[in-house]
Amino acid sequence: MQSQNQNVEQNTQIVITLTEKAAEELKKLAKQHNIEDVVLRVQAIPGGCSGISYSMGFDEVREGDTVIEQHGIKIVVDQNSVPFINGAEIDYVVTPFGEGFKINNPNAMTFGGGCSSCGGGSCGI
């Protein structure tokens, strides 16, 4: 019998970067929801002002995932999302209008027409 994680790719190159602030906030959220093994799934979905939009949430590692571990958090990305997310950064920002996670993707403008609300490929989540 095959292990479900046998086809999980442990990535040696950085596909996505997680800032320390984002990691701290994810750990707080995980604790609030009694999640011990923090696995953050990040997906790119066609659409949005930069040609892609993002989905993030706690999940588990699945077959075919690329797994990156940073600051004690596993980030998993499915193979279809890797080309769209490669080089992006997940941050946690606080502004006068609110706070939340933000994905800064320097490649986002190459995937679509873009719009001023994304500000050079940075779309909030």
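Gly100 is found in strand E8 of a predicted model. Strands (E, at least two residues) and helices (H or I, at least four) are DSSP runs, numbered from the N terminus. Gly100 is buried, with a relative accessible area of 17%; buried denotes under 20% relative accessible area, exposed over 50%, and partly exposed the range in between, with a 1.4 Å probe and protein chains only. From C-alpha to C-alpha, Gly100 lies 8.9 Å from Ala22, although 78 residues separate the two in sequence.

Residues are numbered from 1 along each chain as its sequence is written. Local features need pLDDT of at least 70 and side-chain atom pairs count only at pLDDT 80 or more, whereas totals for chains, interfaces and linings use all residues, and side-chain values use heavy atoms, with hydrogens and water left out.

| Residue | Contacts, excluding residues up to four places away in sequence |
|---|---|
| Gly100 | Asp91, Tyr92, Val93 |
| Asp91 | Thr19, Lys21, Ala22, Gly100, Phe101, Lys102, Asn104 |
| Ile73 | Leu18, Ala23, Leu26, Lys27, Val38, Leu40, Ile68 |

Asp91, one of the residues that Gly100 touches, lies in strand E7. Asp91 is buried yet has no salt bridge, and Lys102, the nearest side chain of opposite charge, is 7.5 Å away. A salt bridge requires a side-chain nitrogen of Lys or Arg within 4 Å of a carboxyl oxygen of Asp or Glu; Lys and Arg count as positive, Asp and Glu as negative, and His and the chain ends are not counted. The side chain of Asp91 does form a polar contact of 2.8 Å with that of Thr19. Such a contact is a pair of N or O atoms within 3.5 Å; within protein, one must be able to donate a hydrogen and the other to accept it, and residues adjacent in sequence count only if both atoms are side-chain atoms.

The largest nonpolar core holds 24 residues, among which Ile16, Leu18, Val42, Ile73, Ile75, Ile85 and Ile90 touch the most other members. At least two core residues come from each of several elements, including strand E3 (39–46), strand E7 (88–95) and strand E8 (98–104). Helix H1 gives the most, with four residues. A nonpolar core is a set of buried Ala, Val, Leu, Ile, Met, Phe, Trp, Tyr and Cys residues joined through side-chain atoms within 4.5 Å.

The chain contains two helices and nine strands, in the order β-β-α-β-β-β-β-α-β-β-β. Of its 125 residues, 38% are buried.

Notes:
Contact = heavy atoms within 4.5 Å.
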